[in-house]
Amino acid sequence: ELHQGIVLQNIRKRFERGLIYTYIGSILVSVNPYKMYNIYGTDQVLLYEGKALGENPPHLFAIVNIAVSKLRDAKLNQCIIISGESGSGKTEATKLILRYLAAINRKHTATQQILEATPLLESFGNAKTVRNDNSSRFGKFVEIFLDGKLICGAITSQYLLEKSRVVFQANNERNYHIFYEMLAGLPGHQKRKFFLQEAETYFYLNQGGNCEIPGKADAEDFHRMLTSMEALHFTLDDQNSIFRILSSILHLGNVYFEKYEIDYQEVASVVSAREIRVVAELLQISPECLQKAVTFKVTETLREKILTPLTVDSAMDARDAIAKILYSLLFNWITERINRRIYPKQKALSIAILDIYGFEDLGFNSFEQLCINYANEYIQFFFNKIVFKEEQEEYIREQIEWREIPFNDNQPCIDLIAQKPYGILRILDDQSSFPQATDHTFLQKCHYHHGCNELYSKPKMPLPEFTIKHYAGKVTYQVHKFLDKNYDQVRQDVLELFVNSKVKLVANLFFSHAQLVAQQKTMMGMSSSSRRKYKPPTIASRFQQSLLELVEKMERCNPFFVRCIKPNNKKKPGLFEEDVVGAQLKYSGILETIRIRKEGFPVRIPFRIFTERYRCLVDLHPDSLPEGVYCVKVLTKLCPVTRDMYCIGVTKLFMKESVYQQLESRRERMVQMAVLTLQRYTRGFLIKKRFYALRHKIILIQARSRGFLARQKYSRLRGTIIKFRCLVRIYVNRKRYLKGKE
């Protein structure tokens, strides 16, 4: 009987033997070993290339190989969806997939540039969290385009960079890797040029309490990142501009404020004027205008601009907003620059890899964690839809008797978060439109609309938080700065300040952003006949839209799932905590997947495709047999099957996974034999052709050699005869002479 204990025991035994991969049909379960095994070399690539699933032990390379095979056979885009908790090994799995695709590729330049993009994006988009030393703080959807087996380009789409990490890190966490790598790896003269010191001296870097990660060499990683930049044709000017922006962000974090009163009103003034001057010099902007941007709010009327002094808290928010937009625009520019460099030059099919942030429940969960967990809910919903809903619906459609298997449907949780009109993110968007709205009013609205929902919990004490019961467990969210993070718009005066920067990259970044805002305003005006005021899109609305587009892309592909499992919460190699793994197995739907694979027929092939694919293996003619009966006849000829191993539908033949793997293995061997036979005959033909050509040349050489030798022999014989005749004549003439003399 199948239950969690047996599955858990099986995975634990394999893990203890160093076998980190397990198949559930075509789904791969990967347990993070927290160390690198020697199972990813060229020998492993050759072992799995061109082989059917199940011919070799479970491996990530086998899934990629099947995706490549289906891409060529079905002429359909493929998608490998990597999911799991933060720290379960999703980023490493993505890199290994890219490495395999590069190894089977023969076109060096495009492949190398795609590989070089990985460490660059990792430096700018990954950071240390309490769960993971190299956590992706953005979602990544990489489409690798293949023309045959040749990689001809790639496109990287990124989702929801965690901008708040630039200005705030919780205890035992770090900012993005690039800041520490830059400070560790830049030469002394460049550090002096950018007025840089040690990481511990910067407020934006020292909040987590520890600026180093054991086992990570920031200086080496910096030089590796520079190599990636050079491979992707980032010029020295580009690199200097990037380091200018990063340095200015660090100095901006050290701009402090003090409060004083004017007319009984609290006003902020800058204490660290030197840092303002340094930031202004690095970004080539006016220091006075920069100071004004962080201490005053500009309100534009029809006739004039009104300057309103900010409080200390508001001034710190204004400072942080500038730092966040600088980093966000820089990250977007780097991603676009990479895409332009490796964009496919011709139309081709693709294998996409989804590496999206894992489910998170941190000590302090804010707006970013809500968006991250909402994305994970959607990915889990997509998994359920593919594995459970669509599979069971197909049995009904094909008129096959089937007992439905219950599974955890997370649609109600998705509705709670995002359904119109009162989903939590919808309420947040509405509140962001009201100037007087606060985090408290947002929370009260949530309590009012969802207080009776079994997936939503209000705090027992009057605290600014709420709890959602996700598919992976309950998470409590603190609503502090929810509205600010969701609105996240650049003030017009700040935009104008940076558009006039003398640093070309900075000016271009903000000019492009200003154009985008203007375009959105124009589209809003065209789409609305009323005189509504323009409302810029919020972070939540943009994220929901991009997530819907992502799911639409995945629905157009043939999906493969890699479920990453974290063996323990201590990030220790060799340690397997059954309660940690058991919880992940339970909420990820793996147990239900095993049950549906065991009880059902996971492989379904239309009759016509089955006939075309496997008829070549047997000597049978269709005659007048119905398609389904003929397919079964082919199947029984090829494999020793019983009646419970297959089922005939209306238009498709349903089979167990083991039967399908036998068929594919048999077909693969047959195809390989056919290829070898063709190669043998081709080689034989070419060798014969070469032999006949060589024999003709040898005969020609022999004939000419014999002619040459015969002529030489004739010349020698002729010379000898002439000489002999001369001697005879001399002798005869001499005798005559002597005789005449007597």
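Mentor: Before we start, a polar contact is a pair of N or O atoms within 3.5 Å; within protein, one must be able to donate a hydrogen and the other to accept it, and residues adjacent in sequence count only if both atoms are side-chain atoms. This is a predicted model, where local features need pLDDT of at least 70, side-chain atom pairs count only at pLDDT 80 or more, and totals for chains, interfaces and linings use all residues. Residues are numbered from 1 along each chain as its sequence is written, and side-chain values use heavy atoms, leaving out hydrogens and water.

Trainee: Which residue's backbone oxygen lies 3.0 Å from a polar atom of the side chain of Asn365?

Mentor: Asn365 sits in the loop between strand E12 (349-355) and helix H14 (367-397), with helices (H or I, at least four residues) and strands (E, at least two) being DSSP runs numbered from the N terminus. Beyond neighbours within four places in sequence, Asn365 is in contact (heavy atoms within 4.5 Å) with residues including Val475 and Tyr477. The backbone oxygen at 3.0 Å belongs to Thr476.

Trainee: Is Asn365 buried or exposed?

Mentor: Buried means under 20% relative accessible area, exposed over 50%, and partly exposed in between (1.4 Å probe, protein chains only). Asn365 has 2% relative accessibility, so the call is buried.

Trainee: How many residues does the largest nonpolar core have?

Mentor: Such a core is a set of buried Ala, Val, Leu, Ile, Met, Phe, Trp, Tyr and Cys residues joined through side-chain atoms within 4.5 Å. Phe466 is among those with the most contacts inside the largest one, and the contacts of Phe466 include Leu370 and Phe442. The size of that core is 192 residues.
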